[in-house]
Amino acid sequence: MADMDTALKEVMEIDGCIGVALVDHTSGMALGTLGGGKDLDLTVAAAGNTDVVRSKLRAMEMLNLSEKIEDILITLDTQYHMIRPLTSRQGKGLFLYVALRRDRANLAMARHRLRHIENELDV
């Protein structure tokens, strides 16, 4: 099992990764961040993407969908933003937020690596 810091470092090793945050979607607080910079404030991104997760959960509830969110992908001109809610019992209410450069990232491989990292994460 990997701790949070190790997991965040592993996410940063994904080709094209700009930044990653582990976020509590009930409070919008980033529990840990790595990467980012002047063009990507990960604490602001964590809070903003909490609204995305909450909205999707609300929409699923209104549609009576009992499925779980695997990930949410937001495609920008030059970036991919991925939101991956954690499915483990201790990760309930948390999600990984990952920003990737489109010109460097392989989306399928990034999703595969995130799934693996999530399974190994112990929070």
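In what order do the elements of the protein run from the N terminus on?

## Fold and order

From the N terminus on, the order is α-β-β-α-β-β-β-α. That comes to three helices and five strands, where helices (H or I, at least four residues) and strands (E, at least two) are DSSP runs numbered from the N terminus.

This is a predicted model, in which local features need pLDDT of at least 70 and side-chain atom pairs count only at pLDDT 80 or more, while totals for chains, interfaces and linings use all residues. Residues are numbered from 1 along each chain as its sequence is written, and side-chain values use heavy atoms, with hydrogens and water left out.

## Overall dimensions and surface

The C-alpha trace of the protein spans about 40 × 35 × 25 Å along its principal axes. The radius of gyration, taken over C-alpha atoms, is 14 Å, which agrees with the value near 14 Å for a compact globule of 123 residues. The globule rule is 2.2 Å times the number of residues to the power 0.38.

Of the 123 residues, 40% count as buried; buried means under 20% relative accessible area, exposed over 50%, and partly exposed in between (1.4 Å probe, protein chains only). The protein exposes about 7,200 Å², and carbon and sulfur atoms supply 49% of that area. Accessible areas come from the Shrake-Rupley method with a 1.4 Å probe.

Among contacts (heavy atoms within 4.5 Å) between residues at least 6 apart in sequence, 56% join residues at least 24 apart.

## Helix H1

Helix H1 covers residues 4–12, and its residues Ala7, Leu8 and Val11 are buried. They cover an arc of only 100° around the axis, so they lie on the same side of H1. The arc is that of the directions from the helix axis to the C-beta atoms. The buried residues of H1 pack against strand S1 (17–24), strand S2 (30–35), strand S5 (94–101) and helix H3 (107–120).

Thr6 is also in helix H1. Its relative accessible area is 36%, so Thr6 is partly exposed. The C-alpha atoms of Thr6 and Leu57 are separated by 28 Å, and the two residues are 51 residues apart along the chain.

## Asn64

Asn64 is in the loop between helix H2 (42–62) and strand S3 (72–75). Its relative accessibility is 68%, so Asn64 counts as exposed.

Phi of Asn64 is near 55°, a positive value in a residue other than glycine. Most residues other than glycine have a negative phi.
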